[in-house]
Amino acid sequence: MKQYQVGIIGGTGMVGQRLVTFVSKHPWFHLKMIAASGRSAGKTYHQAIESRWKLDVPCPPEAESLIVMDAIADAEIIAAACDFCFCAVDMKKEEIIALETHYAKLECPIVSNNSANRWAEDVPMVVPEINAAHIAVINAQRERLGTKRGFIAVKSNCSLQSYVPALHPLMKYGLDKVLVCTYQAISGAGKTFNEWPEMVDNVIPFISGEEEKSEQEPLKIWGHIEGKRIVCAESPCITAQCFRVPCQDGHMAACFMKFQEGCKPTIEQIKSEWMKYQSPISDLKLPSAPKQFLHYFEEENRPQTRLDRNLEHGMAISIGRLRPDTQYDYKFACLSHNTLRGAAGGSILLAELLCKTGYITQK
């Protein structure tokens, strides 16, 4: 099988490093180029990340000898050489929008891990097992951009994976209100404990911008295409509080849900919906897709971060402790791996979907 030639823009950060490890072993993708800021450009990837490697797995040998390109100055070279690029840069919002749009207009599709373009009405924000159909809006985006191949597609905020997948199969019961508290690992900030010793034996009850994303992004995911734009869902109403906790990887959520009057399912119905849920991409046989998206644990002390975050190579969602609540109808706990499922792995799975459906093609 001919492989897609792939670039990674922002390849020296934690998510970029994780993307490098994914692409290097991927059956469809070949790591063609790595780009970063001008500070790293011209160095080998090994030189650029030698003292900055953050993962618990080694850097792939085939990546170490690649010369790091300048993400801005070398954009035309990168776009010409790659079938598509992942983007995980650390820049200001306006700069990211300009950068990703520039690559798209150079006819290089961008699969973005960044939040900057998530609220563009013709940019699909996709969790493939939930709203794969939203990629159809790419046709309208290409019309706006004046491109034939180029476009931008984004993944959602990583913390959404710790509760939205569990809520999704229950939407048909008239889900009305959701209260969620997320307990987010330090890798979500691109950090390790060596870099952030203040997080040892500590909890921080604030993550900038996180609560707004947690409350608003699910409504775009649950929205629908109307004409040339994605229209957000009007419900459920979500309120969120987000904490940074001393775990290296894994975002946990405590989720409370209330249904419309007369629509409340039973606990047995909810568990059945989770167990039998079939994602819209199940027939596509995408390499990174988990065999079973949602897993429910009957043990009263599960899911646990250390035990369950790597379920199905970190791409599955773990749910537990479903029970009645005194204020809402029900409450439960949910867990996802934030850099595997939530960040880099989510981008990889989205790229697989775009390749399989023909939105990304080989040159």
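Which residues touch the most other members of the largest nonpolar core? Of its 58 residues, they are Ile9, Tyr103, Leu167, Met257, Trp274 and Phe332. The structure is a predicted model, in which local features need pLDDT of at least 70 and side-chain atom pairs count only at pLDDT 80 or more, while totals for chains, interfaces and linings use all residues. Residues are numbered from 1 along each chain as its sequence is written, and side-chain values use heavy atoms, with hydrogens and water left out.

**Nonpolar cores**

- A nonpolar core is a set of buried Ala, Val, Leu, Ile, Met, Phe, Trp, Tyr and Cys residues joined through side-chain atoms within 4.5 Å; buried means under 20% relative accessible area (1.4 Å probe, protein chains only).
- Trp274, one of the core residues named above, touches Ala166, Pro169, Leu170, Leu294, Tyr296, Ile319, Leu322 and Phe332, not counting residues up to four places away in sequence (contact means heavy atoms within 4.5 Å).

**Strands and sheets**

- Strands (E, at least two residues) and helices (H or I, at least four) are DSSP runs numbered from the N terminus, and two strands pair if DSSP finds at least two bridges between them.
- Six strands form an open sheet in the order β3-β2-β1-β4-β5-β6, with parallel pairing; its edge strands, β3 (69-70) and β6 (152-154), each pair on one side only.
- Within this sheet, β1 (residues 4-9) and β4 pair in the parallel sense over four bridges, and Ile8 has Phe86 in β4 as its bridge partner.
- Elsewhere in the chain, β12 (residues 294-297) pairs with β13 (residues 317-324) in the parallel sense over four bridges; the partner of Tyr296 in β13 is Ile319.
- Strand β13 is also joined by five bridges to β14 (residues 330-336), and these two run antiparallel.
- β13 and β14 form a hairpin with five residues between them, in which Arg323 stands opposite Lys331 of β14.

**Asp83**

- Asp83 lies in the loop between α4 (75-81) and β4 (84-87) and is buried, with a relative accessible area of 4%.
- Leaving aside neighbours within four places in sequence, Asp83 is in contact with Gln3, Tyr4, Gln5, Pro109, Arg149, Ile360, Thr361, Gln362 and Lys363.
- The C-alpha atoms of Asp83 and Arg323 are separated by 48 Å, the two residues being 240 apart along the chain.

**Pockets**

- On a 1 Å grid over the protein atoms alone, a pocket is an open set of points where a 1.4 Å probe fits, with protein on both sides within 12 Å along at least five of seven lines; lining residues have an atom within 4 Å of a point.
- The largest pocket holds about 1,300 Å³ of space (grid points are joined across faces, edges and corners, and a volume is the space filled by probe spheres set on the points).
- Among the 48 residues that line the largest pocket, Ala88, Val89, Asp90, Met91 and Asn114 are the closest to its centre.
- Elements giving two or more residues to this lining are α1 (14-24), α9 (210-221) and α13 (338-356).
- The lining of the largest pocket divides into 15 nonpolar, 20 polar and 13 charged residues (Ala, Val, Leu, Ile, Met, Phe, Trp, Tyr, Cys and Pro count as nonpolar, Asp, Glu, Lys and Arg as charged, and the others, Gly among them, as polar).
- The second largest pocket, with about 620 Å³ of space, is lined by 26 residues, of which Arg18, Phe22, Lys25, His313 and Leu340 lie nearest its centre.

Methods:
Buried means under 20% relative accessible area, exposed over 50%, partly exposed in between (1.4 Å probe, protein chains only).
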